[in-house]
Amino acid sequence: MKLTFLGAAHEVTGSCTLLEACGKNILIDCGLEQGADIYENCEIPVAACDIDAVCVTHAHIDHSGKLPYLAALGFKGKIYSTLATQKLCGIMLRDSAHIQEFEAEWRNRKAKRAGAEEYKPLYTLEDAENALKLFNHYGYNEPAEIFDGIRITFIDAGHLLGSASILFEITENGETKRLIFSGDLGNVDRPLINDPSIPPVADYVVIESTYGDRTHGVRPDYTEQLTEILQETFDRGGNVVIPSFAVGRTQEMLYLIRNIKEQGLIKNHANFAVYVDSPLSVEATGIYSSGLTDYYDAETLDLLEQGIDPLRFNGLKLSVTSDDSKLINFDESPKVILSASGMCEAGRIRHHLKHNLWRADSTVLFVGYQAEGTVGRKLVEGETTVKLFGEEINVRARIATLAGISGHADKNMLLDWLSNTKGSVKTVFVNHGNDGVCDSFAKEIEEKFGVEAIAPFSGDKYDLSTGECLEKGKIVRIEKKSEGRHRADTVFARLYAAGQRLLSVINKNKDSSNKDISKFADQITALCDKYDK
């Protein structure tokens, strides 16, 4: 049983780990990197067609976003997840493919005018559809034998609708080992979904560390905070613009606003409109409201039993088309606008910022993490002007944050979750955290629990039967790349993956007839001669 860490190693995004067991190659997550990269990630060391399965912890793009790319390279195995994850991936992977294709079309218009080479998207909508056909779902706490000697169980991780930690029970040479991947663990007492479930005991644990160096502090009253911001802004005659992640955070905000309306907490503006202006957000909200009761917490189930939709209320308006979006800014009454993207880097939110940032009566409310260098981060840190669509916009609106709201467990919650697995744990691997955080959290685990804790880098490979580190990855820090360099690296990655696939096909044809092998060899030689420089 071997583990190779590929993505989210000393970084927060791009989760991907390779498990080799019982003669099978299994990926745990296959995510896109988002934001600035810190280290170069190793390529998956086996051809896509030789990967037997992918187990997905949840639908966020940094955990699922490269599944279409894997399918484009020849992966035809099964993808295992919960039903809610499968449904959310259905909209998120299609949306990601659309973005990839749109960006390629835009870049190629520029490239054609400049006489530059064609830009190819990482994957297409067809690739996304092919990946989605491979999904198979299981419920929480429903053990499933996916291969001889390999059984998986999804356990509620409390991070997103359908999010899971995954327990592997692997039997090799008559001995069974238990390995658990935490996935992203959720904060507690959040709307709609349950707190993370208590994990079982395990021999090995792979745990995330997004907030492995800090705590969220005393839990504030989100309803009270939001009510104060809405009331003050509406009294000034302004709008509350909320940049919000389309899946998860938007639905939590709708839950809070429905509660505020139901209790009549806003005075003199009780019928205020709430616009959800993002096709992806609208689709995701539809999935949240589609009867997936196995994933809801007790409070949400109680509302449903009373015939109350926890995400819908009077005054809710869903904007899908671009014309719908444009009309919002012709509505002069005070209102809430929920739009993506959550960090203001793309999407319709940028149009709403353009129409509201300069207004002293309006508020821009941030309800999620803002990565360094993003428009959202600049606004939170007090920038007085930002550039949108080539125009400098003066920031006169109130910039506010909903304090304490987070979808991730903090350090103490992570340690508490881990404490339930410690009975027989031999080694804990720490990933999905910023560079220094992985190391500091691993050290804290060793000091608190007296077990070995390792923060691997991309390319590090471990034999879990012996505890030996078989390979160390190259630790290469990334200089900020130009657009052209990034494009070249992406194209070369496709070439490298194609070469891996060719080698796999060669190995599978070793028992073919001499005549067929000779013909195949001649074809490869001719191809090499053509490109050998």
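Q: Hi! How many aromatic pairs does a search of the whole structure find?
A: Eight aromatic pairs turn up. Rings of Phe, Tyr and Trp (its six-membered ring) pair if their centres lie within 6.5 Å; planes under 30 degrees apart count as stacked, over 60 as edge-to-face and the rest as tilted.

Q: Before we go on, what kind of model is this?
A: This is a predicted model, where local features need pLDDT of at least 70 and side-chain atom pairs count only at pLDDT 80 or more, while totals for chains, interfaces and linings use all residues. Residues are numbered from 1 along each chain as its sequence is written, and side-chain values use heavy atoms, with hydrogens and water left out.

Q: What does the protein average in pLDDT?
A: The average is 90, and 93% of the residues score at least 70. pLDDT is the predictor's confidence in each residue, from 0 to 100.

Q: Where does pLDDT stay under 50?
A: That happens over residues 481-490, for which the model has six contacts beyond four places in sequence. Contact means heavy atoms within 4.5 Å.

Q: Back to the rings: how is the pair of F5 and F429 arranged?
A: F5 and F429 are tilted, 5.1 Å centre to centre with 45 degrees between the planes. F5 lies in strand 1 (residues 2-7) and F429 in strand 20 (residues 427-431), so the pair ties together parts that are 424 residues apart in sequence. Strands (E, at least two residues) and helices (H or I, at least four) are DSSP runs, numbered from the N terminus.

Q: Are F5 and F429 buried or exposed?
A: Both are buried. Buried means under 20% relative accessible area, exposed over 50%, partly exposed in between (1.4 Å probe, protein chains only).

Q: And which rings are linked into a cluster with F429?
A: Ring pairs link F429 with F5 and Y462. The F429 and Y462 rings have centres 5.1 Å apart and planes at 55 degrees, so that pair is tilted. Y462 counts as buried because its relative accessibility is 6%.

Q: Changing topic: why is strand 9 largely enclosed by the rest of the structure?
A: Seven of the nine residues of strand 9 (residues 164-172) are buried, so the rest of the structure largely encloses this strand.

Q: Which way do strand 8 and strand 9 run, parallel or antiparallel?
A: They run antiparallel, and seven bridges join strand 9 to strand 8 (residues 150-156). I150 has I170 in strand 9 as its bridge partner. Strand 10 (residues 175-181) is also joined to strand 9 by seven bridges, again antiparallel, and I166 stands opposite F181 there. Two strands pair if DSSP finds at least two bridges between them.

Q: What about N173 in the hairpin of strand 9 and strand 10?
A: N173 takes a positive phi near 55 degrees, in a hairpin with two residues between the strands.

Q: Which residues have the most contacts inside the largest nonpolar core?
A: They are L19, L27, F168 and V336, in a core of 107 residues. Such a core is a set of buried Ala, Val, Leu, Ile, Met, Phe, Trp, Tyr and Cys residues joined through side-chain atoms within 4.5 Å. Helix 3 (residues 83-114) gives the largest share of this core, seven residues.

Q: What does F168 touch?
A: Beyond four places in sequence, F168 touches residues including L19, I26, I28, I150, I152, L179 and F181.
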